[in-house]
Amino acid sequence: MSIDTYAYVMIYIFIGLLLLSVLAGMAAIVMKIRKKTVKCWWIIPCTIMYSFVAVYNLFIPYIAYDDPADPNYRTFKNWGLRDFMLNDCKMLIIFLLAILLLYFVRKRKGYSIKANGLAVLIVFAILSVVVILFTFVDNFFPGDEKKLLTMRVEGFDVTYDASGRKITMEEIEDIAWGSSIYEISDKLGEPDTWIGSGFLSPVYFVEKNRAVVFYFTYPGVCEGLELIVLVDEDGESQILKEE
């Protein structure tokens, strides 16, 4: 499963939960007007709040993890599917603990062994869910062991995963002059990192611990490829291709 698929599915689920909670709230209001008893009504606003926060909690890292122009990019850089799942699991745990706290508060006046016994069972149930969720995530989406190296690229220090994906020289040679970053990304994937001050230039890591930097005629929008610079692992640069 890709990050895009996971994010879209979860956002739709959270929005669906929000709509159901709103409908449940409207039904509860109607029942109150008719002077009928509404049990556990306080769960409805809690669920509405959870839906809003859960969407925000997922949407912010999703739009930032691969976008260097986003102000939150450094926080969520290199997030994988496992990180997104753990993030949502933590949000769910916080919500369940909040519900448990409200349960204690509402039952405080009617203090009883039965109520406390139920609360203890709820605590153990939540802990069990936590263990199961984290075990599932760790077993099926294990974290990758990365070998991080730092190299000097055109005056900027960049860190990259030496054990990760590398593009080949043949792939670079297939890039046509005048290409935009969108056309390059279609062939090579998203850039590994970006360098520059003000206008950023995309960087891809190449086999043999090297890197290439793409420069454009219109750097503000990354259109009109005019220069490709190859940087070796010692930081030495040379023009690979020039229009």
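Buried means under 20% relative accessible area, exposed over 50% and partly exposed in between (1.4 Å probe, protein chains only). Helices (H or I, at least four residues) and strands (E, at least two) are DSSP runs, numbered from the N terminus. The model is predicted: local features need pLDDT of at least 70, side-chain atom pairs count only at pLDDT 80 or more, and totals for chains, interfaces and linings use all residues. Residues are numbered from 1 along each chain as its sequence is written, and side-chain values use heavy atoms, with hydrogens and water left out.

**View 1. Helix 7 has a buried side and an exposed side.** Helix 7 spans residues 181-188, and its buried residues are Ile181, Ile184, Ser185 and Leu188. These four lie on the same side of helix 7, because they cover an arc of only 100° around the axis. The arc is that of the directions from the helix axis to the C-beta atoms. An α-helix has 3.6 residues a turn, so residues three or four places apart point the same way. Tyr182, Asp186 and Lys187 are exposed on the other side of helix 7. The cover over the buried residues includes helix 6 (169-173), strand 3, strand 4 (201-206), strand 5 (210-218) and strand 6 (223-231). Gly189 follows helix 7, with a positive phi near 90°.

**View 2. Thr193 and Ser201 are in contact.** Contact means heavy atoms within 4.5 Å. Thr193 is found in strand 3 (residues 193-195). Its relative accessible area is 7%, so Thr193 is buried. Not counting residues up to four places away in sequence, Thr193 touches Lys77, Val158, Ser201, Pro202, Val203 and Phe205. Ser201 belongs to strand 4. Ser201 is buried too, with a relative accessible area of 11%. Leaving aside neighbours within four places in sequence, Ser201 is in contact with Thr193, Trp194, Ile195, Val213, Phe214 and Tyr215.

**View 3. Strand 5 and strand 6 form an antiparallel pair.** They share seven bridges. Two strands pair if DSSP finds at least two bridges between them. Tyr215 has Leu227 of strand 6 as its bridge partner. Strand 6 is largely enclosed by the rest of the structure, because seven of its nine residues are buried. The hairpin of strand 5 and strand 6 has four residues between the strands, and Cys222 takes a positive phi near 55° there.

**View 4. Helix 1 packs against helix 2.** Axes are lines fitted to C-alpha atoms, for helices over the stretch in contact, and angles run from 0 to 180 degrees between N-to-C directions. The two helices are therefore roughly antiparallel (angle over 145 degrees). Leu19 lies in helix 1. At 52% relative accessibility, Leu19 is exposed. Leu19 and Ile48 are 29 residues apart in sequence, with 8.4 Å from C-alpha to C-alpha.

**View 5. Glu154 and Asn209 each have a positive phi.** Most residues other than glycine have a negative phi. Glu154 has phi near 55°. Glu154 sits in the loop between strand 1 (148-153) and strand 2 (156-161). With a relative accessible area of 30%, Glu154 is partly exposed. Asn209 has a phi of about 55°. Its place is in the loop between strand 4 and strand 5. Asn209 is partly exposed at 23% relative accessibility.

Note on methods: Angles under 35 degrees count as roughly parallel, over 145 as roughly antiparallel, 65 to 115 as roughly perpendicular and the rest as oblique.
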